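I opened the notebook to record a few look-ups.

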Amino acid sequence: MAHYVVTISRQFASMGRTIGLKMASNLGIELYDRDIVKHTAERLGLEKGEVSHYDEKTGKRSFFLRDTYLFDFSVYDIHRNVFEVEKNIIQDFAKKESCIIVGRCADSILRDMPNVLNIFIYAPIEERLKNCVEQLGMDETSALEKIRKVDDARSAYRHKFCPECVSEFNDRHIMIDSSKFGVEGTANILTEIVKSSVGK
């Protein structure tokens, strides 16, 4: 098979990562998501939990590294630093092997790379709320707030680091409602699309 990369962007609780894992199993390739945070922490010399705090988020400049980098003011924008390192890691993974990469503007980062398929997974709010309650054990009030906060954070992240993407359609080839087909069905549909397009 040809070397290819699939990127998955997703709404919170649309089951995007779970679908991606099933696709990876179907295709016999790796899925990279939290691994990106691990490698980013290693390259920055930080704890994984610390990088997770800034992962797929925007924010004001942070001064927690001030004592170490007293005269390098650019390092204070830790969100930008994390994004740039994650960008390099995503490019490294994409060049190394066929794989699925979840989130972190991978669709835009890899826009000039051949044989890439960019997918956006979404679902109605009612279905996502149900997933939060049934899959994550959250109460409805907390779930609604979490959905709003994570969706807003991901949207702001994309707007900040990929300002050329002025709509949800930019750099995305397929947009699919996971509630219509279920996790298994959505994964199978997308697997066949990958096989018949970039994976052949």
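**Entry 1: Met175 and the surface**

I looked up Met175 and found this residue partly exposed, at a relative accessible area of 31%. I noted that the model is a predicted one. Patch members need over 30% relative accessible area, so I kept the 31% of Met175 in mind. I then searched for a nonpolar surface patch and found one of about 290 Å². Met175 makes this patch together with Tyr122 and Phe169. I also placed Met175 in the fold: the residue sits in strand S5, residues 174–177.

**Entry 2: Cysteines**

How many disulfides does a search of the whole structure find? I got zero. I reminded myself that a disulfide is a covalent bond between the sulfur atoms of two cysteines.

I checked Cys99 next. Cys99 is in no disulfide, and its nearest cysteine sulfur belongs to Cys105, 16 Å away. Is Cys99 buried or exposed? I read 0% relative accessibility, so Cys99 counts as buried.

I went on to Cys105. Its nearest cysteine sulfur is that of Cys162, at 3.6 Å. A disulfide needs the two sulfur atoms within 2.5 Å, and Cys105 is in no disulfide. I logged Cys105 as buried too, with a relative accessible area of 7%; the cut-off for buried is under 20%.

**Entry 3: Backbone angles**

I stayed with Cys105 and looked up its phi. The value is positive, about 60 degrees, although Cys105 is not a glycine. I flagged this because most residues other than glycine have a negative phi. Where is Cys105 found? I located Cys105 in the loop between strand S3 (99–102) and helix H5 (106–109).

Asp171 has its place in the loop between H7 and S5. S5 is the strand in which I had found Met175.

**Entry 4: The largest pocket**

I looked up the largest pocket and wrote down a volume of about 740 Å³. Its lining has 26 residues. Which of them are the closest to its centre? I listed Arg10, Phe12, Arg34, Val150 and Arg154.

I then sorted the lining by element. Helices H1 (16–27), H2 (34–44), H6 (125–136) and H7 (140–161) each give two or more residues. Which element gives the most? I found that H7 does, with five residues.

Conventions: Residues are numbered from 1 along each chain as its sequence is written. This is a predicted model: local features need pLDDT of at least 70, side-chain atom pairs count only at pLDDT 80 or more; totals for chains, interfaces and linings use all residues. Side-chain values use heavy atoms; hydrogens and water are left out. Patches are made of residues with over 30% relative accessible area and no salt bridge: like charges are joined within 9 Å, nonpolar side chains (Val, Leu, Ile, Met, Phe, Trp, Tyr) within 5 Å. Accessible areas come from the Shrake-Rupley method with a 1.4 Å probe; for residues, only the protein chains shown count as cover. A salt bridge is a side-chain nitrogen of Lys or Arg within 4 Å of a carboxyl oxygen of Asp or Glu. Helices (H or I, at least four residues) and strands (E, at least two) are DSSP runs, numbered from the N terminus. Buried means under 20% relative accessible area, exposed over 50%, partly exposed in between (1.4 Å probe, protein chains only). On a 1 Å grid over the protein atoms alone, a cavity is a set of points where a 1.4 Å probe fits but cannot get out, and a pocket is an open set with protein on both sides within 12 Å along at least five of seven lines; lining residues have an atom within 4 Å of a point. Grid points are joined across faces, edges and corners, and a volume is the space filled by probe spheres set on the points.
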